[in-house]
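Reader: Please present the model, so that its contacts can be discussed one at a time.

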Amino acid sequence: MFWYGRGAGGWGLFAMSVSVVVFWALIITLGVLLYRSLARPGGDGRVGGRPPGASPDQLLAERFARGEIDEEEYRRRLSVLRDDRGDGPWDGRRRA
């Protein structure tokens, strides 16, 4: 037990304790990261489970289908996206 003269000493015990805590923190962190990467929906390179080139109309339709927004909100946002009235922010005219 006392192979190093008088033992590890105060600094040796402190360093050993810190290194054990760091070791287990790294092991747990690696395990969590591995789990999250394998359990992620759409882990085939898609962003958030959607194809990379999803249009705003498609994203809005998905939110409506999941029930995140109601029909009134869907129609209002869709009209803003499509700019039916021509007075939206994307009608090609410059606003003052």
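Reader: How many salt bridges does the count come to?

Author: This is a predicted model, in which local features need pLDDT of at least 70, side-chain atom pairs count only at pLDDT 80 or more, and totals for chains, interfaces and linings use all residues. Residues are numbered from 1 along each chain as its sequence is written, and side-chain values use heavy atoms, with hydrogens and water left out. A salt bridge is a side-chain nitrogen of Lys or Arg within 4 Å of a carboxyl oxygen of Asp or Glu. By this rule the count comes to seven.

Reader: With which residue does D57 form a salt bridge?

Author: In the salt bridge of D57, the closest N and O atoms are 3.7 Å apart. D57 lies in helix α2 and its partner in helix α3, so the pair ties together parts that are 25 residues apart in sequence. The partner is R82.

Reader: Is D57 buried, partly exposed or exposed?

Author: Buried means under 20% relative accessible area, exposed over 50%, and partly exposed in between (1.4 Å probe, protein chains only). The relative accessible area of D57 is 28%. D57 is therefore partly exposed.

Reader: Are α2 and α3 roughly parallel or roughly antiparallel to each other?

Author: Axes are lines fitted to C-alpha atoms, for helices over the stretch in contact, and angles run from 0 to 180 degrees between N-to-C directions. The two helices pack at an angle of about 175°, with their axes 10 Å apart. Angles under 35 degrees count as roughly parallel, over 145 as roughly antiparallel, 65 to 115 as roughly perpendicular and the rest as oblique. Helices α2 and α3 are therefore roughly antiparallel.

Reader: How many nonpolar, polar and charged residues does the contact of α2 with α3 have?

Author: Contact means heavy atoms within 4.5 Å. On the α2 side are P56, D57, L60, A61, R63 and F64, which meet E71, Y74, R77, L78, L81 and R82 in α3. Ala, Val, Leu, Ile, Met, Phe, Trp, Tyr, Cys and Pro count as nonpolar, Asp, Glu, Lys and Arg as charged, and the others, Gly among them, as polar. By class, the contact has seven nonpolar, no polar and five charged residues.

Reader: Is the pair of F64 and Y74 stacked or edge-to-face?

Author: Rings of Phe, Tyr and Trp (its six-membered ring) pair if their centres lie within 6.5 Å; planes under 30 degrees apart count as stacked, over 60 as edge-to-face and the rest as tilted. The ring centres of F64 and Y74 are 4.7 Å apart. Their planes lie at 20°, so the pair is stacked.

Reader: How many residues apart are E71 and R75 in helix α3?

Author: E71 forms a salt bridge with R75, the closest N and O atoms being 3.0 Å apart. At 42% relative accessibility E71 counts as partly exposed, whereas R75 counts as exposed at 53%. The two are separated by about one helical turn because their spacing in the helix is four residues.

Reader: With which residue does R66 form a salt bridge?

Author: R66 is partly exposed, with a relative accessible area of 46%. The closest N and O atoms of its salt bridge are 2.9 Å apart. The partner is E68.
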